[in-house]
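Subject: Structure for you to look at

Hello,

Here is the structure we spoke of handing over. My notes on it follow below.

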Amino acid sequence: MMPRIFLFLVILALVKHAYLTAAPLQKENESLPEINPNIRTLIKTNFEQLSKLNSRSRYAARSCKEIRDRYDQREDGLYYLTTANGLTYQTFCDMTTAGGGWTLVASVHENSIYGRCTVGDRWSSQQGNNAARPDGDGNWSNRNTFGAVESATSDDFKNPGYYDIAAEDLSVWHVPNDFPLEHWSLAAILRYHTENRFFSLYGGNLFNLFRQFPVRYNIGSCTNRGPAIPIVYDHGDRESTKMLYGPNPRGEFETGFVTFRAINHERAAMAICSGVKPTTGCNTEHYCVGGGGYFHPDQCGDFPSFDWDRLGKGGGWSASKEMTESAVLLFYR
């Protein structure tokens, strides 16, 4: 019996020693360590931003212009829109340029300047250079959607607003690849918009415009192109626009316009000539984006032939590095 009592006392002594030597517990009235004020501010800021974004989901509107007019929202950023059929989606609203109310509906991003209508060339063709598919993927005139708004400068993007919104004008931004959304406006190498309500003549958006002017192999002359609309510059000007393209193309176009369905010598149609109107030349693949799926083999792609010289085919036709490595963002209002 005695050995068991002795063993119990030994164990009790060891437990007491461990308790006394352990780190002391916090006293009842002792305050917690103070949180770093910067961290506290960051937590508060993040919470407030999330709350603000969540509150925007309650707006009922089909465009950023409706959100501006109906809810008096004047801050650039992400908002939620709803289509006529009740589909809700998220996009970026430019609420400051020329009075605001611009809805981002698409971006054209060249994932590989050396690819020739390969995977990722959604605005031309992912099926290769194929005469049997003159419309390529056909995304300029269909209801396909793809990409995410936050990665619009890192990949192609198209949301339901592209075909759902009844707009009057177009805004175009050229933003360097991979820039985060909150810096798009400041980072843009070129920003401009139309203000003559030209969309009212073409069904209210690019979807309907390109259904009237199909982007496909065209048997007509390269002068048989779509409308050329005058633009107002928000960042950049006529001269800086000219310098974004190669020295040879500069003699073929006039700056200060956005042009649709521009035909080239090979009778392929580019979708948009950004900031320029072809005049005396037909080499539109060097300064226009998007189009069908049938080009000269060395031209096919979302930026068809912006890097011609680096392929060793001649001199002076390549667009600038800034233009080649920027995404083209398209807005409606």
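**What was found**

Tryptophan 173 stands opposite arginine 191 in β6.

Before that, the ground rules. This is a predicted model, in which local features need pLDDT of at least 70 and side-chain atom pairs count only at pLDDT 80 or more, while totals for chains, interfaces and linings use all residues. Residues are numbered from 1 along each chain as its sequence is written, and side-chain values use heavy atoms, with hydrogens and water left out.

**Strand β5**

Helices (H or I, at least four residues) and strands (E, at least two) are DSSP runs, numbered from the N terminus. Two strands are said to pair if DSSP finds at least two bridges between them. Strand β6 covers residues 190–193 and runs antiparallel to β5, with 4 bridges joining them. β5 also pairs with strand β13 (residues 326–332), again in the antiparallel sense, over 7 bridges. In β13, leucine 329 is the bridge partner of tryptophan 173.

Is β5 buried or exposed? Of its 7 residues, 170–176, 7 are buried; buried means under 20% relative accessible area, exposed over 50%, and partly exposed in between (1.4 Å probe, protein chains only). Leu170, Val172, His174 and Pro176 are buried on one side of the strand, and Ser171, Trp173 and Val175 on the other.

**Disulfides**

A disulfide here is a pair of cysteine sulfur atoms within 2.5 Å. The count by this rule is 4. With bonded cysteines counted along the chain, the pattern is 1-2, 3-8, 4-6, 5-7.

- Cysteine 64 lies in helix α3 (residues 64–71) and cysteine 93 in strand β2 (residues 88–94), so the bond ties together parts that are 29 residues apart in sequence. Both cysteine 64 and cysteine 93 are buried.
- Cysteine 222 and cysteine 282 are both buried.
- The S-S torsion of cysteine 273 and cysteine 288 is about 90°, so the disulfide is right-handed. Since cysteine 273 lies in strand β11 (residues 269–273) and cysteine 288 in the loop between β12 and α8, the pair ties together parts that are 15 residues apart in sequence. Cysteine 273 and cysteine 288 are buried.

**Helix α3**

Which residues of α3 are buried? They are Cys64, Ile67 and Arg68. These residues cover an arc of only 100° around the axis, which puts them on the same side of α3; the arc is that of the directions from the helix axis to the C-beta atoms. An α-helix has 3.6 residues a turn, so residues three or four places apart point the same way. The buried residues of α3 pack against β1 (77–82), β2 and β3 (102–108), where contact means heavy atoms within 4.5 Å. Aspartate 72 follows α3 and has a positive phi, near 55°.

**Two loop residues**

Aspartate 307 is placed in the loop between β12 and α8. Its relative accessibility is 6%, so aspartate 307 counts as buried. Leaving out residues up to four places away in sequence, aspartate 307 touches Ile113, Tyr114 and Ser318.

Leucine 201 is in the loop between β6 and α6. With a relative accessible area of 64%, leucine 201 is exposed. The C-alpha atoms of leucine 201 and glutamate 168 are separated by 8.9 Å, and the two residues are 33 residues apart along the chain.

Regards
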